[in-house]
Amino acid sequence: MKSKIIISVINQGLLSVFNFLLSIYLIKVLGFKDFGFYSLIFAIGLSLISFQNAFVTTPMSLLTKKRVLVGLSKYQSYFNTCQYVYLLGVVFICVIANYFIMVDLLAICIYLTAFCFRDYVKSQMLLSYKVNLVLISDILFVVSVVLLTLLIESYNLLSLSNILIILGGCSFFVNIICKNALNLRIVQNYRLFWKFYSFKIWRISKWTSIGVMLTELHSRAYLLVLSVFYSADILGLVQAARVLFGPLNLLINGWLRIARNYFASLLGENKRQKFIQFFNWSITGVVAVNFIVFLLVITLWDNIKNYLFESVNVDML
């Protein structure tokens with residue numbers, strides 16, 4: 001299991017580096033204003049995934065891994081239906097966001113729906129611990145995004161909307177490649193689905209959603225304040241400073257994806273001693289990674305400051 005977690009963390013490390021370099025690229029090419037819009041859309045995506053974890057993914061992991069050591073639950077179609085209903089809610093959020101963010105509605109919808117669905121697909125694959133398949137699909141995602149971005153840049157078509165469409169389109173593309181390893185069927189009887197959600201899923205998600213809501217308010221309230229009282233340039237400037245620590249969230253999420261399933265399996269097998277040992281090992285690893293990143297930022301701060309903020313002028317502040 002440790003080897004699978006290591007592969008998952010390496011995989012998420014790849015995505016962390018990619019998102020870090022993409023953020024720097026957007027700051028350099030599009031400027032702070034468009035990067036501010038991108039950061040706001042990306043933050044909305046992270047919040048949507050957090051609530052998706054509360055309403056769908058976490059109950060799916062707990063209910064599946066407590067009973068099924070290998071493979072998926074026989075109730076997987078119920079979780080799939082719940083996910084599709086959630087994606088309809090994501091489209092509604094996109095319409096609302098479009099009133100405040102000056103980016104094409106189609107681009108926002110493609111990006112955020114693909115962002116959420118991709119996360120669900122990866123969570124489903126990790127229920128069977130298919131970490132190698134997840135790694136391959138993410139490598140394909142990164143390569144395809146880079147190639148398409150270079151292509152549109154060569155034709156002078158580079159814009160935030162096109163970048164979002166590329167990111168969303170490539171997410172859907174790798175999902176199609178992985179479809180043979182997935183169960184994406186839905187429940188035909190919606191009364192049965194509602195009964196299953198009410199009695200099986202909601203008893204878990206009502207508690208996880210409260211935790212997510214408090215966490216999101218604590219970690220993302222500043223975005224609302226900046227968006228209301230300041231320009232997109234200032235929002236982009238602040239988010240540029242947070243780029244350094246953004247990869248940490250993705251890296252820790254890589255650990256969480258597969259560790260959550262393993263924790264549920266240990267509880268299902270009543271192996272509490274192993275649960276405590278694995279929990280302590282995991283916390284130690286997270287603290288160590290944070291400390292290493294902190295030391296790197298302090299050591300390389302002069303170079304980072306000149307590279308990220310060389311275009312900042314006094315009028316923006």
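The legends below describe close-up views of a predicted model.

Local features are given where pLDDT is at least 70 and side-chain atom pairs only at pLDDT 80 or more, while totals for chains, interfaces and linings use all residues. Residues are numbered from 1 along each chain as its sequence is written, and side-chain values use heavy atoms, with hydrogens and water left out.

**View 1. Overall fold of the protein.** The protein has 10 helices and 0 strands; helices (H or I, at least four residues) and strands (E, at least two) are DSSP runs, numbered from the N terminus. The order of elements from the N terminus is α-α-α-α-α-α-α-α-α-α. Of the 317 residues, 48% count as buried, where buried means under 20% relative accessible area, exposed over 50%, and partly exposed in between (1.4 Å probe, protein chains only). The protein exposes about 16,600 Å², and carbon and sulfur atoms supply 69% of this area; accessible areas come from the Shrake-Rupley method with a 1.4 Å probe, and for residues only the protein chains shown count as cover. Among contacts (heavy atoms within 4.5 Å) between residues at least 6 apart in sequence, 80% join residues at least 24 apart.

**View 2. Salt bridges of Asp-138.** Asp-138 lies in helix H4 (residues 131–154) and is buried, with a relative accessible area of 2%. The structure holds 2 salt bridges, a salt bridge being a side-chain nitrogen of Lys or Arg within 4 Å of a carboxyl oxygen of Asp or Glu. The side chains of Asp-138 and Arg-118 form a salt bridge at 3.1 Å, N to O. This pair links distant parts of the chain, with Asp-138 in helix H4 and Arg-118 in helix H3, 20 residues apart. Both Asp-138 and Arg-118 are buried. The side chains of Asp-138 and Lys-122 also form a salt bridge, at 3.0 Å, N to O. Here the link runs from Asp-138 in helix H4 to Lys-122 in helix H3, 16 residues apart. Lys-122 is buried, as is Asp-138. Salt bridges that share partners join Arg-118, Lys-122 and Asp-138 into one network.

**View 3. Contacts around Asp-138.** Neighbours within four places in sequence aside, Asp-138 is in contact with Asn-11, Leu-15, Arg-118 and Lys-122.

**View 4. Helix H3.** H3 has 23 residues and reaches 33 Å from its first C-alpha to its last, close to the 33 Å expected at 1.5 Å a residue; the expected span is 1.5 Å times one less than the number of residues. H3 is largely enclosed by the rest of the structure, because 20 of its 23 residues are buried. Tyr-129 follows H3 and has a positive phi, near 60°.

**View 5. Nonpolar surface patch.** Val-91, Phe-92, Ile-93, Val-95, Ile-96, Tyr-99, Phe-100 and Leu-105 form a nonpolar patch on the surface, with about 790 Å² of accessible area together. Patches are made of residues with over 30% relative accessible area and no salt bridge; like charges are joined within 9 Å, and nonpolar side chains (Val, Leu, Ile, Met, Phe, Trp, Tyr) within 5 Å. Helix H2 (residues 76–98) gives the largest share of the patch, 5 residues. Tyr-99 sits in the loop between H2 and helix H3 (105–127) and is exposed, with a relative accessible area of 70%.

**View 6. Gly-31 and Leu-237.** Gly-31 belongs to helix H1 (residues 2–65) and is partly exposed, with a relative accessible area of 22%. The C-alpha atoms of Gly-31 and Leu-237 are separated by 9.4 Å, although these residues are 206 residues apart along the chain.
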